[in-house]
Amino acid sequence: MNPQTDDLFATIVGLDDAVSTARNLIQDGYEVILGHGGTGGMIARSIGQPVVNIPITMLEIITALQTAARLGNKIGVTSFAVGREGFKIIRDILGLDVRQIVFNSQKELEDGVKKAIDEGVDVIVGGGVSRKIAAGLQASAVIIEPARQIVQDALGRARALAVARRREIETHEQLQTIFKIMDDGMIGVDALGHLNFYNQTAESMLGMNLGLHLGLPVPKLADSLGLMEVLHSGSKKSDEIIKVRDNELVLNCLPILINGKVRGAVGLLKEGSAIHNIDRKLRARIYQKGFIAKHTMNDIVARSPGMRKLIAKAKQFAKTEAAIMICGETGTGKEFLTHALHHISPRHKAPFVAINCAALPETLLESELFGHEEGAFTGAKKGGKIGLFELANHGTIFLDEIGDISPKLQVRLLRVLENKEVMRVGGDKIVPVDARVISSTHKDLTEEVRAGRFRKDLYYRLAVLRLTIPPLRQRAQDIPELLAPLLKGYQKTLSCITQDMYKQIESYHWPGNIRELNSLMESYLILLGNRQHNEGLFMDLFEEYEAPRGLGGRQTDAGEGASAASAFPRTDEASGMRTLKEQLNGHRQNIIRRTLTQCGNNKSLAARKLRISTNTLWRALRKETEKNA
């Protein structure tokens, strides 16, 4: 039967031809064979293909015997393989002389029919082959015909079987196609450990002709892949590393469970190099998400000798893999320099990840650095979270304000630097990482080490190479170029800063460095509006922006490793330096006196020229008089 066209092909064949005929029909596209009687039984036993055998019932035999009784007194009934029960009852009830002819082959049937006829049998009852043999011996024969309903039922079963078989074949072909095109190797065994499927990728990985072992036990191969262990335990094996022909393979084995029982096992093989390629692609996606260095060495202003020397040293350091510690006061541009270091390093195509260690509490900082598993703590991200060290794999991680981390985190960080591996918070798996560490601090870490607040071994791990950024007060030559981007943003030029204003900028010690300078100048430019310059406004802002006494006093001076006291004297008496307020007041009084002179001591005219109120001018003059008194 061919369900594609619902074709039915009917023929009578001898027992010896039945099997070959059935095979030819299968090759021609017929998916199910229907057989009747002994012929159907022999086909079903021989070809291993779907066969629906139309059964012979006792009612059909009795009907055929009644017909045969009208043709003769002695009747022979053919039976395939085994004799049928109930003939004694039939003989007694119907009063017929009936004998059975049991056969297993065409020759046995021919010999049995001939012998029965020679011994006086008048009629042969059986299938089409039996009738053909009897006719050749000049004997009568009756075919046992199945009932119409039985034939219809058999046809229904054949159609259903053909559809199911087609679906099975389609599914099998789909799976085989998937197996063939898979980059992963796949190999499976049945419940006895016999190889029952594989793909070419597995053959290539294992260096074996697996086709020679199909259907056979493969104990050595199954043991080496862990398939027998999975068969016996019923438990899967995940991400096992095995070595085959000097190649590292990642192996996953799963049991095949049917109705809760292990019926086989399958192994999936992936080359270690493929895992690395996937990792690189993931890192590339991370890189695209913004974990990149945004500044280059060309972006750093370096007119002053100290900065030129720093940049030259930084370019040499960038070529190495050693850890770098960047020291400098707040606002000197430590993170800016770190971006530039990564940009010209051999790792520049990999991620650049930065974190301020002083901005987060200990627990959260630990989770950010090393990642966490789901449920590691209250509020932990569902599914867990990858840590910054993993994100920075093959790239650079910048640990800003490293001097502020707790002793507990110092221990964990030291372990990461020594072993190049991390364990997520709440996890139990080691994850190898390869990230270059650049750290920064405004503290004097040598003093922190002496005081026992920072681990000596961690300090030496972090400070293999050291860079110290000079403070702004040592970079007077760089100030115009540092201000250029800000001035450009407000469509101004350096002409908005007078010579006296510039002298004031140069003389100030700038505890907040570039950050403080930009803050003051941006306020000045906003308030300046369309005017070309305004010294009075500038001096007023200077007075407002003066840092509280001691702000920045803990910073270390550039290149000297100086303590806070030597870098930023907290008292003016100790240094002989006037405070910003004193300097501003003096400069302010000079401007007022000069303007009054120009206006012929006309205070109203001078106030209008200075764009201040007359009351403000009088208060300034009164303060000067009180000071001189």
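These legends describe close-up views of a predicted model.

View A. Strand 5 (residues 123-126) runs parallel to strand 6 (residues 140-143), and the two pair over four bridges. Gly126 has Ile143 of strand 6 as its bridge partner.

**View B. Glu203 in helix 8.** Helix 8 spans residues 200-206 and contains Glu203. The relative accessible area of Glu203 is 19%, so this residue counts as buried, the cut-off being under 20%. Apart from neighbours within four places in sequence, Glu203 is in contact with Tyr198, Met208, Asn209, Leu210 and Gly211.

View C. Helix 13 covers residues 334-343, and seven of its 10 residues are buried. The buried residues are Lys334, Leu337, Thr338, His339, Ala340, Leu341 and His342.

**View D. Two buried cysteines, Cys253 and Cys599.** Cys253 has a relative accessibility of 0% and therefore counts as buried. Cys599 also counts as buried, because its relative accessibility is 11%. A disulfide is a covalent bond between the sulfur atoms of two cysteines. The search of the whole structure finds zero disulfides.

Notes
Residues numbered from 1 in each chain as written. Predicted model: local features only at pLDDT ≥ 70, side-chain atom pairs only at ≥ 80, totals over all residues. Heavy atoms only, no water. Buried < 20%, exposed > 50% of the residue type's maximum accessible area, 1.4 Å probe, protein only. Disulfide = S-S within 2.5 Å. Contact = heavy atoms within 4.5 Å. Pairing = 2+ DSSP bridges.
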